[in-house]
Amino acid sequence: MKHKSNKGLAKIKLIPEKFKTIFSSEFQFLITGEFKKASTLKKKLQSIKNCENKILVLRVKKLINELSEAVEVAKKFCRKKNIPLMLNIPDKFSFNADGFHLSSNEIECDHFPPEKIKGVSCHTEDEVKKAILLNYDYIFLSPVVRKNGVSGMGWQAFLSIKGKYPDKIIVPLGGINESNTMQNSFAGISHWWDPQKSQ
């Protein structure tokens, strides 16, 4: 049985009015997989058949030559589809987007741009508590499902932590897709991005 979520949006001040409907729905975060060329990203985005209640996270771990071009591709796509663009890339704050997603080791960032959606990845309940104190708009909690030999916390542990903070947006990540999710809102890469390494 899937659990509905995402209550308490009245307390979220940084999400722009035009995107509050998405964040108050049963949304999905689409996180980009690995790529080297902006043209690869463009093809992947064009393959998305339904953008309703979706949020795009442009995720690049290592600096690539076409990073600026990739950001522009993602921005153009999100403007056309009227969905939020979150950046989780090197030197992220030098680019303009609807918001920024930080890793757990960036959680205490003290120079977050104002008036932007603020997201962070967490892996423990202590990190979740810290993110809540620092007023993040949403939190990824991962890994939930075992994948590639990495043990997940399991749905019971995830739902237990989430249940303690019912007015916060805490999103499951890690080995999740439409067939194994325990709630309608989740984040992931492999459920939409070709699992084979892109060039």
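Predicted model: local features only at pLDDT ≥ 70, side-chain atom pairs only at ≥ 80, totals over all residues.
Asn82 is another non-glycine residue with a positive phi, here about 55 degrees. You will find Asn82 in the loop between α3 and β3 (85–88). With a relative accessible area of 45%, Asn82 counts as partly exposed.

## A cis peptide bond

Now turn to Ser142 and Pro143, which are joined by a cis peptide bond with an omega of about -10 degrees. Pro143 belongs to the loop between β6 (138–141) and α5 (155–164). Why point out such features? Most residues other than glycine have a negative phi, and most peptide bonds are trans.

## How α2 meets α3

Helix α2 (residues 38–46) packs with helix α3 (residues 67–81) at an angle of about 20 degrees, and their axes are 8 Å apart. The two helices are therefore roughly parallel to each other, and their crossing is right-handed. On the α2 side, the contact is made by Ala38, Leu41, Lys42 and Leu45, while α3 brings Glu69, Ala70, Val73, Ala74 and Phe77. Seven of these contact residues are nonpolar, none is polar and two are charged.

Is Ala38 buried or exposed? Ala38 counts as buried, because its relative accessibility is 7%. Setting aside neighbours within four places in sequence, Ala38 is in contact with Glu66, Glu69, Ala70 and Val73. Ala38 and Ile64 are 26 residues apart along the chain, and their C-alpha atoms are separated by 9.6 Å.

## The nonpolar core

The largest nonpolar core holds 64 residues, and those touching the most other members are Phe23, Phe29, Leu41, Leu56, Leu58, Val128 and Phe140. Helix α3 supplies the largest share of this core, with seven residues.

Take Val128 as an example: not counting residues up to four places away in sequence, Val128 touches Cys122, Ile139, Leu141, Ile161, Tyr165 and Ile170.

## Gln28 in strand β1

Gln28 lies in strand β1 (residues 28–31). At 14% relative accessibility, Gln28 counts as buried. Which residues does Gln28 touch, not counting those up to four places away in sequence? They are Asn53, Lys54, Ile55, Glu178, Asn184, Phe186 and His191.

Key:
Residues numbered from 1 in each chain as written. Heavy atoms only, no water. Axes fitted to C-alpha atoms, helices over the stretch in contact; angles between N-to-C directions. Helix = DSSP H or I, 4+ residues; strand = E, 2+ residues; numbered from the N terminus. Parallel < 35°, antiparallel > 145°, perpendicular 65-115°, else oblique. Left-handed = near helix turned anticlockwise from the far one by under 90°. Contact = heavy atoms within 4.5 Å. Nonpolar A, V, L, I, M, F, W, Y, C, P; charged D, E, K, R; others polar. Core = buried A, V, L, I, M, F, W, Y, C linked by side-chain atoms within 4.5 Å. Buried < 20%, exposed > 50% of the residue type's maximum accessible area, 1.4 Å probe, protein only.
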